[in-house]
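Work through the exercises below with the structure open beside you. Try each task before you read its solution.

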Amino acid sequence: MAFARREHAPSRPAVLFLLSILPLLVLFTFSSAAAPPAALHNNNWAVLVCTSRFWFNYRHMANTLSLYRTVKRLGIPDERIILMLADDMACNPRNNYPAQVFNNENHQLNLYGDNVEVDYRGYEVTVENFLRVLTGRHESSVPRSKRLLSDEGSHILLYMTGHGGDEFLKFQDNEELQSHDLADAVKQMKEKHRFKELLIMVDTCQAATLFSQLQSPGVLAIGSSKKGENSYSHHLDSDIGVSVVDRFTFHTLAFFEKLNMYSNASLNSLFNSYDPSMLLSTAYYRMDLYERALNEVPVTNFFGSVMKTIHTDLAYTGFLAAREVETPLSMRNNILEGAMLQNEASARRSNIEKMKEAQLRSDGWTEVLLEGKNSDTVVMYGLGTMGVLLAISTWLSMKAL
Amino acid sequence: MAEIAGDETPPLPSSSGAGESSLYSSPPSPTAPAGDQPPPPPRTTKPGTKRLVLTASVFLSFLVGLPFLLKSTEIHRSPLPSDAIADLSRRLHSHPPSFPRGLHAVFLRSGPGSPASSLADQLERAISTQPHGLAAGNISVSVTVQSDGSCSSSSSAAAPPWRCGSVTAADSVRGDEVFDELLHSALGGGGGGDRMKVYTVVFVESDDEKGTAVVIGKHRQAWVVGKVDEAEAVSLVGKVFIKYFLNGGVEEGEAGIGKGEFMPVGSDGNVVLSFSLLNADPNDWVYDWDFENIGERMLNPVVEALRPIADINVESQVLYHTPKSSFSHSDDKLGGNVLSMGDIPFFVNSNEWHLDTSLSATGRSKVLQFVVYVPSARECPLYLQLPDGELSKTNAFISPMWGGVVIWNPPGCSLGSKKTSGTQTKMSSQELMETLEIFIGQLRQLFGLKANYHAQGMDVTTKFLVSEKGFAQWELDLLYRHHACSNLLSCLATLESLSSLVQSLPRMIVMDEIGRQVELSLEAASLAQRNASLGISDSSAVSATRARALAEDAFFHPSISSISYASVEHYFAIYMPFFAPVTLHVLLAAIKELKRYKVERGKYSAFLASQATTS
């Protein structure tokens, strides 16, 4: 705050007034700066989704598997990758190279080689399962390996590839994921602090429309083409007979092949490596919801693995010796207290539940209609009543004759 | 049917025909003179009402049945108590959960000095001038002075019992653990779990020339031994109280308790501690351990101590062929292979270490991995080098919210002789217990406390007594408090977002179970808040954990799905194809019958009138 120099000293009350305002302003800035501290980044997750099936969509599965391989190579473990594939390429009867999936016509790299752990395969890749993975609302029987167990310190990479259009993405030729459904799921994830930052990469036609409805902060999204543009495949493998990789993913992989898990290339360099003349479409990215500058964010923040570590400087020595000194009396007291509290809590709980049960006590009709008790007798009675009514009306009309 | 019955006179069909023609008698042919047709024969009988009654009854039954249809096809939405949620939110924000605590200072003196009440005032002033750090809430101060066998205490309503004369200054030389137990029993043995927690700092005047020393006990007391003047004693007491009993030894701005990454409890209140012994190369040697007996026995008190904040399960396994994924370089000066701190983040080789094999971990529980890594012969002995060049004493590190790793070099390692491959040896119980001590330190670190305290606390030598529960009672109080506060706030946030989600989807089915879980969660949350205001940290932590678990269960209920609710258009599309044509026909029939009846009535009354005039 610069005060202009005056010829004469400012008047006393004005000075006092200004002096009294100053601490208030200082307080104000400090109180507004006391926002809850953000969690630190401590793990990375990847959700890789291939939304196509059938032989002619070979390249989509090759895209997803290539990215899976890259992400694993850079350090994200299988337990933090959710891979959703229709998985019908490798053992497809039309595959000349059984159990092998390639992303290049030189066939140098077998993507289906070793250690591929597919979490959702075949008909499990549905919009509902995808949204359940994102929001975390699974049935209780779903195993941990199929859940996205991220927390507020996680960075999540979400990669989707397949056939898409204006504001939608086609799932398994059967249903669609709309952009507002995706935005809704991301909003719910943000509310439950299921991620710290989210990077969405979409490789479909008109990809940028899929994330047009996003509103949650901390989300960075890049699509392989803008609205009205198509995304193209890279090259055709005449041996296999179909295109084996898409252009956007091909150039992404070319960027990552040069890196290893110790590199610190930035996201900016990744995004700038997409050349519209090579992609034949414009790779459009959306960073208005993302706070950090792209040239400060290393790609390993999303594509690699990070473990924040703290050295353990001392052991809790004497722990075992302390066992004998503890007097059993106080331990028994603690256990008793704990048991009493538990009893009280469980008694309260059962009281509450008894009250709730009383409210839901079923009366006759709900018993029949909802639980299907005595349904046979009700049907019998119904038929009998109908017959009686029929007889009455026939008699009436007979009388009229 | 009434026409065929023919009860009515033959003129009826024709009159009905005429009636119909009269219904449709819009005059397209005004040329049709009245004289073309003979006037319709008069009606001699009262028109019957059967047809009208029939059609009207069908129509009325449709009308009567409409509310039943609407009721039976409405979306079942269990009402969520949003006012109660708003009320809880208001209460928590206006009165954040603050646990009132008490500081009780005891001065064991041999000579005269200031009275207890003035000491109490001094102490209060000393505390209020210092920054409280993580502390919040009211602190009530009371002072007891014991000199020459008689005690006087500053008047305070909730003064904890101090059995006068049971402990004297001379007892302090008998050993720290013994003195700790004596103090504990003198203060009433720590009974009464439903009262505010009171922390005691005893100042023992002694003539030793060793200088002042502070010892922090296992329960809720600490003592200061030394010969200092009163003002300094008072300020020392205050500092000990604030630095340890209120803040847990964590400085301002340091990462520790209270930050989200140091609360490794799953959202359903479960934690699984998974202990793994990793043999990097079984060709060199294979190690096994006796964890089930020794380890689980040692860990039982820790599990019990942490019960209010988490339900802990302990599992163990032995894995083979688990190399690390970072590179170590050999250092002949130190006689082994060395890993620097920069290599540590890449140490855990998640591709080969299949650690997550827990059976008891449910979808929302947290798994903490504690790993003992046995290096292969090539890289053995493996040491961890700190940035200042020193070797680590523990060879261990943690990763917050993941777990901890200890690198254990097998005893035959430094001899350089390669044993016959595949020999299976058991880790000696001594080694296992030492490793367990490191694990307990790591568990403390994962929960935000320090693994163990250095001897230099403030400016005086400080010693900390080690508890067999892994945490001292005052540390447990801190943990309970922080977890209770944060669980309450997180439960409230979850309930609010659930409520706004349900309101934003007006046609989504809300099952009864969700409503019940929300109500139980609110109950538990208010109970937790009540206990917090009374200062009972452990039952408050229990209720807060339960409240959060229930709120998360309700929010993550699998039936809440934004894509499968029935919109109004679906509702119309299902029911309109049947009901629209049917009601149209029924309505038209009723109207037609009504009009016909009126016409017949008119004819009949005309006939009656003509009868009346002719007769």
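## Exercises on charged pairs and an annotated site

The salt bridges over all chains come to 27. They are counted in a predicted model. The exercises take up some of these pairs, then a site from a record.

**Exercise 1.** Find out where E552(B) and K192(A) lie, and what their pairing joins.

*Solution.* 
- Start with the contact. The side chains of E552(B) and K192(A) form a salt bridge, at 2.9 Å from N to O.
- Place each partner. E552(B) is in helix 12 (residues 537–555) of chain B, while K192(A) is in the loop between helix 4 (179–191) and strand 8 (197–203) of chain A, so the pair joins two chains.
- Check burial. E552(B) and K192(A) are both buried.

**Exercise 2.** Decide whether E197(A) is buried or exposed, and locate its salt-bridge partner.

*Solution.* 
- Name the partner. E197(A) forms a salt bridge with R292(A), and their closest N and O atoms are 3.0 Å apart.
- Trace the chain. E197(A) sits in strand 8 of chain A, and R292(A) in the loop between strand 12 (284–286) and helix 8 (300–303), 95 residues apart. This pair links distant parts of the chain.
- Apply the cut-off. Buried means under 20% relative accessible area. E197(A) has 4%, so E197(A) is buried.
- Turn to the partner. R292(A) has 29%, so R292(A) counts as partly exposed.

**Exercise 3.** Describe the salt bridge between K218(B) and E181(B).

*Solution.* 
- Read the distance. The closest N and O atoms of K218(B) and E181(B) are 4.0 Å apart.
- Locate both ends. K218(B) is in the loop between strand 5 (213–216) and strand 6 (221–226) of chain B, and E181(B) is in helix 6 (residues 176–186), 37 residues apart.
- Check burial. Both K218(B) and E181(B) are buried.
- R51(B), E593(B) and R596(B) are joined into one by salt bridges that share partners.

**Exercise 4.** Which residues does UniProt list for "active site", and why do they count as one spot?

*Solution.* 
- Consult the record. An unreviewed UniProt entry lists H163(A) and C205(A).
- Compare sequence and space. They span 43 residues, yet no two of their C-alpha atoms are more than 6.4 Å apart, so they gather at one spot.
- Look at H163(A). H163(A) lies in the loop between strand 4 (154–161) and strand 5 (164–165) of chain A. Its relative accessibility is 27%, so H163(A) is partly exposed. A polar contact of 2.8 Å joins its side chain to that of N57(A).
- Look at C205(A). C205(A) lies in the loop between strand 8 and strand 9 (219–223) of chain A. At 19% relative accessible area, C205(A) is buried. C205(A) touches residues including G164(A), S225(A) and E229(A).

Technical notes: Residues are numbered from 1 along each chain as its sequence is written. Chains are lettered from A and ligands numbered from 1 in the order in which they are written. This is a predicted model: local features need pLDDT of at least 70, side-chain atom pairs count only at pLDDT 80 or more; totals for chains, interfaces and linings use all residues. Side-chain values use heavy atoms; hydrogens and water are left out. Helices (H or I, at least four residues) and strands (E, at least two) are DSSP runs, numbered from the N terminus. Buried means under 20% relative accessible area, exposed over 50%, partly exposed in between (1.4 Å probe, protein chains only). UniProt positions are given in the numbering used here, feature names are shortened, and annotations may be inferred rather than shown by experiment. A polar contact is a pair of N or O atoms within 3.5 Å; within protein, one must be able to donate a hydrogen and the other to accept it, and residues adjacent in sequence count only if both atoms are side-chain atoms. Contact means heavy atoms within 4.5 Å. Lists of a residue's contacts leave out its neighbours within four places in sequence.
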